[in-house]
Amino acid sequence: MDLSQAQWFKASASASSNGACVEVADLDTSTGVRDSVTPEAGAHVVARPVFAAFLADVKAGRYDR
(Lines give C-alpha, C1' and ligand atoms only; values in the text may rest on other atoms or scores of the structure.)
Protein backbone atom coordinates (compact mmCIF):
# COMPACT_ATOMS: atom_id res chain seq x y z
CA MET A 1 0.00 0.00 0.00
CA ASP A 2 1.35 3.41 -0.96
CA LEU A 3 1.34 5.63 2.14
CA SER A 4 3.34 8.49 0.61
CA GLN A 5 0.29 10.77 0.46
CA ALA A 6 -1.11 9.86 3.90
CA GLN A 7 -1.57 12.64 6.43
CA TRP A 8 -0.17 11.51 9.75
CA PHE A 9 -1.34 12.86 13.10
CA LYS A 10 -0.09 12.47 16.64
CA ALA A 11 -1.62 13.42 19.96
CA SER A 12 -1.02 16.91 21.27
CA ALA A 13 0.14 15.25 24.51
CA SER A 14 3.15 13.88 22.66
CA ALA A 15 4.93 17.18 23.28
CA SER A 16 5.42 16.12 26.89
CA SER A 17 7.20 12.94 25.78
CA ASN A 18 9.74 14.70 23.55
CA GLY A 19 7.59 13.86 20.53
CA ALA A 20 8.05 10.11 20.93
CA CYS A 21 4.69 8.51 20.28
CA VAL A 22 2.66 6.84 17.61
CA GLU A 23 1.12 8.59 14.63
CA VAL A 24 -2.13 7.58 12.95
CA ALA A 25 -3.48 8.21 9.47
CA ASP A 26 -7.00 7.91 8.07
CA LEU A 27 -6.66 5.70 4.98
CA ASP A 28 -10.24 5.56 3.67
CA THR A 29 -11.28 2.08 4.88
CA SER A 30 -8.18 1.50 7.03
CA THR A 31 -6.11 3.17 9.71
CA GLY A 32 -2.35 3.44 9.56
CA VAL A 33 -0.22 3.40 12.71
CA ARG A 34 3.51 4.13 12.85
CA ASP A 35 6.28 5.16 15.24
CA SER A 36 6.80 8.93 15.15
CA VAL A 37 10.52 8.59 15.86
CA THR A 38 11.22 6.22 12.96
CA PRO A 39 8.44 6.72 10.41
CA GLU A 40 10.68 5.31 7.67
CA ALA A 41 10.48 1.92 9.39
CA GLY A 42 6.98 1.42 8.01
CA ALA A 43 3.46 1.31 9.33
CA HIS A 44 0.84 -1.15 10.46
CA VAL A 45 -2.37 -0.85 8.47
CA VAL A 46 -5.56 -2.27 9.95
CA ALA A 47 -9.25 -2.12 9.03
CA ARG A 48 -11.16 0.69 10.73
CA PRO A 49 -13.39 -1.64 12.79
CA VAL A 50 -10.32 -3.44 14.11
CA PHE A 51 -8.67 -0.17 15.15
CA ALA A 52 -11.94 1.04 16.72
CA ALA A 53 -12.15 -2.17 18.77
CA PHE A 54 -8.55 -1.71 19.89
CA LEU A 55 -9.25 1.87 21.01
CA ALA A 56 -12.34 0.74 22.89
CA ASP A 57 -10.24 -1.88 24.71
CA VAL A 58 -7.61 0.74 25.59
CA LYS A 59 -10.26 3.11 26.93
CA ALA A 60 -11.79 0.27 28.97
CA GLY A 61 -8.42 -0.42 30.60
CA ARG A 62 -7.93 -3.87 29.08
CA TYR A 63 -4.18 -3.28 28.62
CA ASP A 64 -3.51 -1.52 31.92
CA ARG A 65 -0.78 -3.08 34.01
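Mentor: Threonine 31 is in strand S3 (residues 30-35); strands (E, at least two residues) and helices (H or I, at least four) are DSSP runs, numbered from the N terminus. This is a predicted model, where local features need pLDDT of at least 70 and side-chain atom pairs count only at pLDDT 80 or more, while totals for chains, interfaces and linings use all residues. Residues are numbered from 1 along each chain as its sequence is written, and side-chain values use heavy atoms, with hydrogens and water left out.

Trainee: Is threonine 31 buried or exposed?

Mentor: Buried means under 20% relative accessible area, exposed over 50%, and partly exposed in between (1.4 Å probe, protein chains only). Threonine 31 has a relative accessible area of 10%, so the residue is buried.

Trainee: In what order do the four strands form the open sheet?

Mentor: Two strands pair if DSSP finds at least two bridges between them. The pairing is antiparallel, and four bridges join S3 to S4. The edge strands, each pairing on one side only, are S1 (8-9) and S4 (44-47). The order is S1-S2-S3-S4.

Trainee: Which residue forms a salt bridge with arginine 34?

Mentor: A salt bridge is a side-chain nitrogen of Lys or Arg within 4 Å of a carboxyl oxygen of Asp or Glu. For arginine 34, the closest N and O atoms are 2.6 Å apart, and the partner is glutamate 23.

Trainee: Is aspartate 26 buried or exposed?

Mentor: Aspartate 26 meets arginine 48 in a salt bridge (2.4 Å, N to O). The relative accessible area of aspartate 26 is 53%, so this residue is exposed.
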